[in-house]
Amino acid sequence: MKRSVWRDFTIGLIEENPLFGLVIGLCAALAVSSKVENAIFMGVAASFVMVASNILISVIRKAVPNEIRIPIFIVVIASFVTIVDLTMKAFFPAVYAALGVWIPLIVVNCIILGRAEAFAYKNGVIRSIADGLGKGLGYTLVILVMAVIRELGGTGQIVAFENTIISLKGFQPPQILQSFPGAFFTFGLLMGLLRKLQGKGE
Amino acid sequence: MQRLFLIFLAAFLINNILLIKFIGLCPFLGVSSRFDTSIGMSMAVIFVMTLASMACWGVWNLLLDPLGVGDFLYIPAFILVIAALVQFIEMVIKKVSPTLFKALGIFLPLITTNCAVLAAATESVKPGFWKLSLEYNYGLGEALVYTIGIALGFSMVIIMFAAMRERIEIAPIPHSLKGIPIAFIAAGLSSLAFLGFKGLFGI
């Protein structure tokens with residue numbers, strides 16, 4: 001049973017969505033979803049690292065000895081994360097300051113190592129790109145939805161790239177959505193909602 | 001002495017790594033469904049995190065910083081140190097104490113990808129990411145206290161949570177919320193409680 005390349009891409013969006021389906025890589029997702037702008041940058045950064053490391057690992061997979069594959073994967077991922085880290089620091093210092101420790105922590109984001117181990121190590125380059133793109137997009141979508149809910153609900157407006165995109169007038173925003181507990185609540189309820197819509201319990 | 005106590009408290013309660021900083025959530029959700037696995041995981045984390053931070057402190061202060069390559073090599077260097085250390089600890093424990101290995105064995109490989117360990121190491125070496133209002137630049141002793149605080153905070157929450165989730169298992173809750181979603185909502189409530197510590201002693 002060989003899945004098509006398109007299927008490799010789409011399965012990451014809902015069924016095997018890294019956050020709701022596989023429930024991995026949560027830490028960064030919760031932390032950066034308090035602002036839409038941060039969520040976009042984090043999504044792009046994580047997707048870039050995922051696609052790039054998938055490509056490289058899939059290219060070198062025949063040369064990697066089985067016993068030391070994990071350290072090799074980690075070094076590959078760490079190199080790409082360093083690229084992102086330094087690029088962001090140079091070109092987007094404000095966002096870099098807001099994302100803080102989360103950029104270096106992409107190294108240990110289980111989604112990326114998980115995809116390297118479960119997919120890129122066993123499949124060809126094209127399919128690995130599709131897989132990385134799909135999982136990256138699925139990840140970005142979820143944190144974007146959470147960020148919209150949390151920023152709009154928590155501050156009453158969405159400000160991205162110095163433009164106010166939406167602003168609710170006469171709305172008293174509950175600040176809890178912006179703070180840490182709000183992230184847990186939003187995620188838990190969204191996940192429950194998704195399960196309800198898919199019609200499956202546990 | 002007072003400063004050490006404040007650093008400990010800041011790491012342990014006020015900036016609790018799980019509930020306030022969201023770091024290390026994957027192992028948290030993975031092992032907190034049963035009480036005994038959560039204790040095993042806590043022990044492993046306390047052990048590895050302390051050693052890893054010390055090792056990274058040494059690598060940073062003796063190697064990376066004097067050579068001036070710290071800013072762009074710290075991520076690969078720290079993660080390699082941690083991965084090697086975990087492997088090494090696994091081998092030593094296996095040889096020295098088979099009982100301890102039985103208890104911690106399955107958790108050790110998981111810890112390499114536990115972001116809490118990398119975060120604790122980075123933070124005790126390059127303080128500033130988490131913006132505590134203490135003065136920075138930890139010496140070895142302060143970095144040690146800080147790491148132990150983080151590790152104990154992680155363990156306390158994970159054990160507390162395991163007890164809670166065992167009760168939730170038998171509680172009547174909506175079908176679609178069972179399992180992970182309700183765990184998140186419970187985590188939200190605990191996090192709300194921990195927010196109460198904010199500003200304690202002006203930290």
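The structure is a predicted model, in which local features need pLDDT of at least 70 and side-chain atom pairs count only at pLDDT 80 or more, while totals for chains, interfaces and linings use all residues. Residues are numbered from 1 along each chain as its sequence is written, chains are lettered from A and ligands numbered from 1 in the order in which they are written, and side-chain values use heavy atoms, with hydrogens and water left out. Helices are DSSP runs of H or I with at least four residues, numbered from the N terminus.

With 33 residues, α3(B) reaches 46 Å from its first C-alpha to its last, close to the 48 Å expected at 1.5 Å a residue, the expected span being 1.5 Å times one less than the number of residues. Just after α3(B), Gly68(B) takes a positive phi of about 75 degrees.

Helix α3 (residues 35–67) of chain B packs with helix α8 (residues 140–169) of chain B at an angle of about 165 degrees, their axes lying 9 Å apart; axes are lines fitted to C-alpha atoms over the stretch in contact, and angles run from 0 to 180 degrees between N-to-C directions. α3(B) is therefore roughly antiparallel to α8(B), a description applied to angles over 145 degrees.

Within helix α8 of chain B is found Val145(B), which, leaving aside its neighbours within four places in sequence, is in contact (heavy atoms within 4.5 Å) with Leu4(B) and Phe8(B).

Technical notes. Helix = DSSP H or I, 4+ residues; strand = E, 2+ residues; numbered from the N terminus. Parallel < 35°, antiparallel > 145°, perpendicular 65-115°, else oblique.
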